[in-house]
Amino acid sequence: MNKIKNIIVLIALSTAFYSCSDNNNRAINPFLSVDHQALAMSDNDTLVNFLKNHYYDATLDSVKPLVSGQATLFDNIIIMDAKRNDINYKLYVYKISEGDPTDPNNPSKPDKGYPSVSDSIFAKYSGQAINSTTELSATFDSNTRGSWFTYNTLAVRGWSFGFKNFKGGYLKKEPNGDVFNGPITYLNGGKGILFIPSGLSYTSIDSRNYTSTLVNRNLLFYIELLDFVKDTDHDNDGKPSHEEDANNDGDLTNDLSDPDNPTIADYLNPLIK
Ligand SMILES: [Ca+2]
Ligand SMILES: [Ca+2]
Ligand SMILES: [Ca+2]
């Protein structure tokens, strides 16, 4: 009888402790209660509706509310499946130009093709939040000169999927093939627009994002891929990072094969290849 009593007391205590700790966490982090699976579905509805009610105005190089006679963004969209934190997402890509790395004056440089999910990229971008199916925020960040990004520090995971649709451009040179006598300039980079659900952006599943004003928001990026490092190998073990995806789901952060270092992903662990 005493044993049963003790068990009941123990259950009551642990429930009280659990509730208390949960409430404390919620006070610290209001995002803890977010149902990310449900959010993924409502985000997808928002994105699809946004795409069906807007078009790409080539003259203004900008997304605009739909007017008659124009095809919607959704009519010409690339739909990509992407997985993160065991939740399935859809990412939408509008291709303006694919990009062409062939320099007509110096055609000897081979075309590297498309970057893999984990290749380091050199890109220009400009980002806005999709506030609703009809409203975009002001530009929250942009880079018009180009910057390098690498997979393991990428803030917006959706980029690593979206950029796979584009090729880089080529370095502008003098007509005789010499280095261009001016600022480093790429021509013919791949241009497009990425429409990224919040789960592939600043998701609150990642506690580093709690303080971001963009947490759990759908984002739009105008992008231009200028160049990339084919077969980027983050841990220099001779195996490209994109091949260190043991479960083959496109997410390199969930492959942890080393029993001695169970928190280091294989693509960052030179002992595993
Ligand atoms: Ca490697
Ligand atoms: Ca994986
Ligand atoms: Ca490795």
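Leaving aside its neighbours within four places in sequence, which residues is Gly113 in contact with? Gly113 touches Phe166, Lys167 and Phe228, where contact means heavy atoms within 4.5 Å.

## Before you start

This is a predicted model, in which local features need pLDDT of at least 70 and side-chain atom pairs count only at pLDDT 80 or more, while totals for chains, interfaces and linings use all residues. Residues are numbered from 1 along each chain as its sequence is written, chains are lettered from A and ligands numbered from 1 in the order in which they are written, and side-chain values use heavy atoms, with hydrogens and water left out.

## Gly113 and its loop

Let's stay with that opening residue. Gly113 sits in the loop between strand E4 (87-97) and strand E5 (121-130); strands (E, at least two residues) and helices (H or I, at least four) are DSSP runs, numbered from the N terminus. Its C-alpha atom is 6.1 Å from that of Lys167, although the two residues are 54 residues apart along the chain.

Gly113 counts as buried, at 17% relative accessibility. Here buried means under 20% relative accessible area, exposed means over 50%, and partly exposed is in between (1.4 Å probe, protein chains only).

Donors are N, O and S atoms within 2.8 Å of the metal (3.2 Å for Na, K and Ca), and water is not among the atoms, so sites may look incomplete. Asp233 and Glu244 are 11 residues apart, both in the segment after strand E10 (219-228). Asp233 is buried at 19% relative accessible area, and Glu244 is buried at 4%.

The calcium ion (ligand 3) lies 4.0 Å from the calcium ion (ligand 1), and Asp235 coordinates both. The protein donors of ligand 3 are Asp235 (OD), Asp237 (OD), Glu244 (OE), Glu244 (OE), Asp266 (O), Asn269 (O) and Ile272 (O), 2.2 to 2.7 Å away. Their spacing in sequence reads D-x1-D-x6-E-x21-D-x2-N-x2-I. Asp237 and Asn269 both lie in the segment after E10, so this pair ties together parts that are 32 residues apart in sequence. Asp237 is buried at 10% relative accessibility, as is Asn269, with a relative accessible area of 3%.

## The calcium ion (ligand 2)

What coordinates the calcium ion (ligand 2)? Its donors are Asp245 (OD), Asn247 (OD1), Asp249 (OD), Asp251 (O), Asn254 (OD1), Asp255 (OD) and Asp255 (OD), at 2.2 to 2.8 Å. They follow the spacing D-x1-N-x1-D-x1-D-x2-N-D along the chain. Asp251 is buried, with a relative accessible area of 6%, and Asp255 is buried at 3%.

## Ser241 and its contacts

Ser241 is also in the segment after E10, and it is buried at 0% relative accessibility. Beyond its neighbours within four places in sequence, Ser241 is in contact with Ser118, Thr232, Asp233, His234, Leu252 and Tyr267.

## The largest pocket

The largest pocket has a volume of about 320 Å³. On a 1 Å grid over the protein atoms alone, a pocket is an open set of points with protein on both sides within 12 Å along at least five of seven lines, a cavity is a set where a 1.4 Å probe fits but cannot get out, and lining residues have an atom within 4 Å of a point. Grid points are joined across faces, edges and corners, and a volume is the space filled by probe spheres set on the points.

Of the 14 residues that line this pocket, Arg84, Leu154, Arg157, Asp206 and Arg208 are the closest to its centre. Domain 2 (35-231) and domain 3 (233-273) both give residues to the lining, so the pocket lies between them; the domain bounds come from an automatic or database domain assignment.

## The cavities

There are 2 cavities of 30 Å³ or more. The largest cavity holds about 110 Å³ of space, and its lining includes Gly113, Lys109, Tyr170 and Phe228. The second largest cavity holds about 80 Å³. Of the 14 residues lining this second cavity, the closest to its centre are Val117, Asp119, Ile121, Leu154 and Ser160.
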